[in-house]
Amino acid sequence: MQCVPDIYIDSMGYAFTLPLFKYLGGCRVGSYVHYPTISTDMLSVVKNQNARFNNATFITRNPFLSKVKLIYYYLFAFLYGLVGSCSDIVMVNSSWTLNHILSLWKVGHCTNIVYPPCDVHTFLDIPLEEKKMTPGHLLVSVGQFRPEKNHPLQIRAFAKLLNMRKTESLPSLKLVLIGGCRNQDDEFRVNQLRRLCEDLGVQEDVEFKINIPFDELKNYLSKGTIGLHTMWNEHFGIGVVECMAAGTIILAHNSGGPKLDIVIPYEGEVTGFLAESEEGYAETMAHILSMSEEKRLQIRNNARASVSRFSDQEFEVTFLSSMEKLFK
């Protein structure tokens, strides 16, 4: 109460602070939502008793616990919508987030998309043509070793791809999983992924690069033919944008931000590919690798040209344009 701002903006997902500042502080309030605290997808997962990383198996197998959790989620969603509707302006980072916020907060008159700033220019100095000089093909995945990133799907799809190519005398393939480990849980998860590689017999063809420097990450992206992304309903996908800017042909999950905002045609041309299942990923990877160098180069060029709309400069323009309403 002794230091009340004129304008308060939440960009951390603390929606329950909005009524505090608006009604007790008398502030004009805004929100930049990266990921809804609760979403209609989460409600459907619990309602349908589907096991997910955030919906434990012991709950899905128990109708009573599922019902209790569903009631809690509906109550939370109602309160979340109530506090979110206090915003004078709302910015969201993708079409996927927009749809959920419109459904929960119901403030369409003051809500618009502001894509997050991606440092695409950092990758624009990577020559696209040099990739064809690399022997074999490198498949690169970039993302923290968190359960929602679904690295097992990448490994299983890669194993299927290798089995599909056994009868063919084709260039060698290598999958490199690049990501950060935040704690012991992440390290345990990496060890589980290593064991999965051994079980599938692909341990010699899969490398793990953990907490590597940015220059090393950039080097791998410069050599990669395919960039892999497998998270279901990724709210945006900065890693997907970075892969496209670096010139890897992206193969992302057919959901969320990658589907609705990023891996979409640019001037009518293909910028990347989407898949959902192990078979879908394996078949699409095989399709990309079967293309001519010229066709792959064309897709890389399309993808690189398309990501300029996610640059720091574009973010600055759209953010300031949205913020302007709070100063009137």
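**Entry 1: helix α13**

I began with what covers the buried residues of helix α13, and the cover includes β1 (7-10), β2 (28-33), β3 (89-92) and β4 (111-113). For my notes, contact means heavy atoms within 4.5 Å. Helices (H or I, at least four residues) and strands (E, at least two) are DSSP runs, numbered from the N terminus.

The model is predicted: local features need pLDDT of at least 70 and side-chain atom pairs count only at pLDDT 80 or more, while totals for chains, interfaces and linings use all residues. Residues are numbered from 1 along each chain as its sequence is written, and side-chain values use heavy atoms, with hydrogens and water left out.

Which residues of α13 are buried? I found Phe 315, Ser 322 and Met 323. They cover an arc of only 95 degrees around the axis, so they sit on the same side of α13. The arc is that of the directions from the helix axis to the C-beta atoms. On the face turned away from the buried side I noted the exposed residues Val 317 and Leu 320. Here buried means under 20% relative accessible area, exposed over 50%, and partly exposed in between (1.4 Å probe, protein chains only).

I also checked the span of α13, residues 312-323. The helix has 12 residues and reaches 16 Å from its first C-alpha to its last, close to the 16 Å expected at 1.5 Å a residue. The expected span is 1.5 Å times one less than the number of residues.

**Entry 2: salt bridges**

How many salt bridges does the structure hold? I noted 10. A salt bridge is a side-chain nitrogen of Lys or Arg within 4 Å of a carboxyl oxygen of Asp or Glu.

I looked up Lys 22 and Asp 88, whose closest N and O atoms are 3.3 Å apart. This pair links distant parts of the chain: Lys 22 is in helix α1 (residues 18-24), and Asp 88 is in the loop between α4 (63-84) and β3, 66 residues apart. Lys 22 is partly exposed, with a relative accessible area of 23%. Asp 88 is also partly exposed, at 23%.

Next I took Asp 186 and Arg 189, a salt bridge with its closest N and O atoms 2.6 Å apart. The two are three residues apart in helix α7 (residues 184-200), so about one helical turn separates them. An α-helix has 3.6 residues a turn, so residues three or four places apart point the same way. Asp 186 is buried at 0% relative accessibility, whereas Arg 189 is partly exposed at 22%.

Arg 146 bridges to Glu 148, with the closest N and O atoms 2.6 Å apart. Glu 148 counts as buried at 17% relative accessibility. I also noted a network of salt bridges that links Lys 174, Glu 207 and Lys 209.

**Entry 3: cysteines**

I searched the whole structure for disulfides and found zero. A disulfide is a covalent bond between the sulfur atoms of two cysteines; the cut-off used is a pair of cysteine sulfur atoms within 2.5 Å.

Cys 118 is buried, at 1% relative accessibility. For Cys 181, the closest cysteine sulfur is in Cys 197, 14 Å away and again too far. Cys 181 is buried, with a relative accessible area of 15%.
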